[in-house]
Amino acid sequence: MEQQEHPYWELGLSLFLIFVGIAVWVLSASFPRLDDGTPGPSLFPRLIGAGMVIGGTVLVFSAVGDLRGRVATLPFVESRAGLLKVVATVAITAAVPFVMPFITLVGGAALAAVLFALLIGTDLPRALGVGLVTAVMVYGVFGRLLGVPLT
């Protein structure tokens, strides 16, 4: 099967990745610091945010390189389904912080992972598996390893 290139999608999602990485970096600044001056629980989210920004930047350069010489149209805007996926991605990302007080950080991350997996066309059992793995990873890394309160 031949892999299709979607540089417009890659560009849009990489810009979104950069935005989310910056948001993670800024939001993790409010995490408590340890008395000895070490960053404490904010270190890991900040590393993740920095990685998202770096990865998004690399993808932007890749997408811009692929777009050179093409007509400047945005196929995901012309396609109603593609535009709906972009809007749904932004809506899920915006809604997760509001549902976290009710279902905790672990539940919110797992729910977002399931919805994102369904958005990209994954079948329901695999999407639920992605949500389960996400929940275990968030609980293990943040709750057990870093000691971040998850409620």
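User: Among contacts between residues at least 6 apart in sequence, what share joins residues at least 24 apart?

Analyst: In this predicted model, 65% of those contacts in the protein chain join residues at least 24 apart.

User: Which elements does the protein chain have?

Analyst: The chain has 5 helices and 0 strands. Read from the N terminus, the order is α-α-α-α-α.

User: How far apart are the end C-alpha atoms of helix α2?

Analyst: They are 36 Å apart. Helix α2 covers residues 43-67, and at 1.5 Å a residue its 25 residues should span 36 Å, so the two values agree.

User: Which residues of α2 are buried?

Analyst: They are Pro45, Arg46, Gly49, Met52, Gly56, Val60, Ala63 and Leu67. As background, an α-helix has 3.6 residues a turn, so residues three or four places apart point the same way.

User: Where does the charged end of Arg46 sit?

Analyst: The charged end of Arg46 lies over the ring of Trp25, at 4.5 Å from the ring centre.

User: Changing topic, how many aromatic pairs does the structure hold?

Analyst: It holds 1 aromatic pair. The partners are Phe44 and Phe142, whose ring centres are 5.4 Å apart; their planes meet at 75°, so the pair is edge-to-face.

User: Which helices do Phe44 and Phe142 lie in?

Analyst: Phe44 belongs to helix α2 and Phe142 to helix α5 (residues 124-145), so the pair ties together parts 98 residues apart in sequence.

User: Is Phe142 buried or exposed?

Analyst: Phe142 is buried, with a relative accessible area of 15%. Phe44 is partly exposed, at 28%.

User: And what percentage of the chain is buried?

Analyst: Of the 151 residues in the protein chain, 26% are buried.

Methods
Residues numbered from 1 in each chain as written. Predicted model: local features only at pLDDT ≥ 70, side-chain atom pairs only at ≥ 80, totals over all residues. Heavy atoms only, no water. Helix = DSSP H or I, 4+ residues; strand = E, 2+ residues; numbered from the N terminus. Expected span 1.5 Å × (residues − 1). Buried < 20%, exposed > 50% of the residue type's maximum accessible area, 1.4 Å probe, protein only. Phe/Tyr/Trp six-rings, centres within 6.5 Å; stacked < 30°, edge-to-face > 60°. Lys NZ or Arg CZ within 6 Å of the ring centre and 35° of its normal. Contact = heavy atoms within 4.5 Å.
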